[in-house]
Structures are given as structure tokens and as C-alpha cells.
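Hi,

Here is the structure I promised to pass on.

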Amino acid sequence: MTPSRPYLMRALNEWILDNHCTPYVLVDAGIQGVQVPQDYVNNGQIVLNISPSAVQNLLINQDGLSFSARFGGVPMDVYVPIVAILAIYARENGQGMVFGSEAGAPDPDQPPEPPVPDNQSPKNGSNPKKGGGRPSLSVVK
């Protein structure tokens, strides 16, 4: 499946705006491909105001977030890969969402796992740690 983050970003942005609040995006500025004004990066992160009054040509798609804005009066085109977006929230009350690692998304802190040979991969939903059979659910308290 495609990543859910772009869909959630668009929905949360619309929800924040519909509630007359200001959408802010927290970005990991250290991710490759991030194009933001480095003068405003603090501890490797930057908070961007993406409200219609602050940006022009906002686009949130499968690849990332892009817009044009002024920083200290200087115009700049901003681009943030979707994996570099850490959170979207309303400035006024903090309501929003912090993003974790999505299933199937690469974890920048972990090296990729080597592929499992076909003869060792689980078949038909079986779990080799539980001895195979049907999957089960358990209550977590």
C-alpha cells in the first residue's frame, strides 16, 4: 500500500483550517532532500507555518510538502520529503498528530534487514515462533 502520511497530512491540514487555527508542521531538517531556510533550524528541526496567509502554492503529495514563502522578507521555495515530516498540529491548542514509523517505511536509524530466503519465510499466515497455525489475538492491559 502507499504511505498514509500524505493523506493524513492533507486531512489534518484541512481540519485545522476548518477550526480556524494555524497549521504548523514539525520537520526533521537533517533528512536528505529537505530544503528549508537553515537560519531557522534549531536542534536539527524546524517548525513551518503552512497556513494560507503564510504560504503560496502549498502542495502535499506522495513525495512531500512544497510551497513558496518569505523568511525574514526573503522569498524561498521550500520542499520537505514526506518522511521528514514529524508532526502537524494547530499552533493555538497543540491538537494534531505526531507521526511514527509507518509499516514498510525505512527506519533512518536502522540498517535494512537482509532478505529472508524463500524456504525460511512464513507461509499462509503461520508464525514460526508460535509453531504455525492460525493467528491469534490477546488482550493487552
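Below is what turned up on the sheet and the aromatic rings.

A word on the ground rules: this is a predicted model, with local features needing pLDDT of at least 70, side-chain atom pairs counting only at pLDDT 80 or more, and totals for chains, interfaces and linings using all residues. Numbering starts from 1 along each chain as its sequence is written, and side-chain values use heavy atoms, with hydrogens and water left out.

First, the sheet. Three bridges join β3 to β4 (residues 64-71), and Q56 sits opposite S68 in β4.

Now the rings. There are two aromatic pairs (Phe, Tyr or six-membered Trp rings with centres within 6.5 Å; planes under 30 degrees apart are stacked, over 60 edge-to-face, the rest tilted). Y24 and Y89 are edge-to-face, at 6.0 Å centre to centre and 75 degrees between the planes. Y24 is in β1 (residues 23-28) and Y89 in β6 (residues 85-90), so this pair ties together parts 65 residues apart in sequence. The rings of Y40 and F71 have centres 5.8 Å apart and planes at 50 degrees, so that pair is tilted.

Cheers

Notes:
Pairing = 2+ DSSP bridges. Helix = DSSP H or I, 4+ residues; strand = E, 2+ residues; numbered from the N terminus.
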